[in-house]
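Student: I'd like to go through this structure and check what each label rests on. Can we start with the strands?

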Amino acid sequence: MTSGHPYLRRRRRPVPTATLPPRTPVAPVAPAASAPALPAAGAAPHPVASVGPSERVLRRRAELARRVRPFPAPDPRAVRVLGPDDPVARVDRRRSAVGALTVTGCTSAAWETVDWTVGATTAAGAEAGRRAVTAGNRPLVGFDDGVALVSLRHVRQLRRALFMARGTERLVVSLHDGTTIGVAEGTPDTMTVLALSVVDGELELRAEPFARSTHDGDVFAAFGFVLSTPLPGV
């Protein structure tokens, strides 16, 4: 006997739902790097970044920019006599560092080095102040058989020098390449002093008229040469 009531009907059992594990997020895959495209035929190449100068080069350029250049002066080969018309001549660096500079007719000389060694000597052999010698233990400025010499191989040790002529001869300067230049003669009341300076490795020669003095020390003092105290035992 079948009842018409709904609660007497057979119900189907619910089917259990399967439990799935949680999904692990997957990182996106980057696209593969493509090879750089080559420029088409006839196209201009891509600009390449240039490498700038090194720090050493920059420092050298800054040093050269700060260097004070002397005023223009003629070469001794273009000047016959240093005097009122042409009081200054300058030798280029190459010739300023070769051989020796000689000064004939000189009776006394004084020098000042870059380390402030100041001294003087005469053609007769008298000395004052302190000697200036080169690495080979030779005089930087001195006399040899009555002729004043400047060792140009070590010229950068020298700041300046002074050459005087109290005799009857005029001062004549000679360089290693044969260049010679005279210095104007003085008068009974004046003499011409040859002032030599080293300006950035270049020899500068200047003729300076000066009143004849009774002592060389007066000339040295007028040009600012203060003789160094001699070393003990020298």
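Tutor: Two strands pair if DSSP finds at least two bridges between them, and strands are DSSP runs of E with at least two residues, numbered from the N terminus. This is a predicted model, where local features need pLDDT of at least 70, side-chain atom pairs count only at pLDDT 80 or more, and totals for chains, interfaces and linings use all residues. Residues are numbered from 1 along each chain as its sequence is written, and side-chain values use heavy atoms, with hydrogens and water left out.

Student: How do you know that β4 and β9 pair?

Tutor: Strand β4 (residues 108–113) and β9 share six bridges in the antiparallel sense, and the rule asks for at least two, so they count as paired. One example is Ala-109, whose bridge partner in β9 is Phe-163.

Student: What makes β12 a partner of β9?

Tutor: Four antiparallel bridges join β9 to strand β12 (residues 190–199). Arg-160, for instance, has Ser-197 of β12 as its bridge partner. β4 also pairs with strand β5 (residues 118–122), antiparallel over five bridges, and there Ser-108 stands opposite Thr-122.

Student: In what order do the strands of the open sheet run?

Tutor: The seven strands go β2-β13-β12-β9-β4-β5-β6, with antiparallel pairing.

Student: Why are β2 and β6 said to stand at the edges?

Tutor: Each has a single partner strand, so one side of β2 and one side of β6 (127–129) is left without a neighbour in the sheet.

Student: Why is β9 called mostly covered?

Tutor: Buried means under 20% relative accessible area, exposed over 50%, and partly exposed in between (1.4 Å probe, protein chains only). In β9 (residues 158–164), five of the seven residues are buried.

Student: What makes Glu-204 and Arg-90 a salt bridge?

Tutor: The rule wants a side-chain nitrogen of Lys or Arg within 4 Å of a carboxyl oxygen of Asp or Glu. Their N to O distance is 2.7 Å, so the pair qualifies. The pair links distant parts of the chain, with Glu-204 in strand β13 (residues 202–211) and Arg-90 in strand β2 (residues 88–90), 114 residues apart.

Student: Are those two buried or exposed?

Tutor: Glu-204 is at 8% relative accessible area, so it counts as buried. Arg-90, at 9%, is buried too.

Student: How many salt bridges does the rule give?

Tutor: The count comes to 12.
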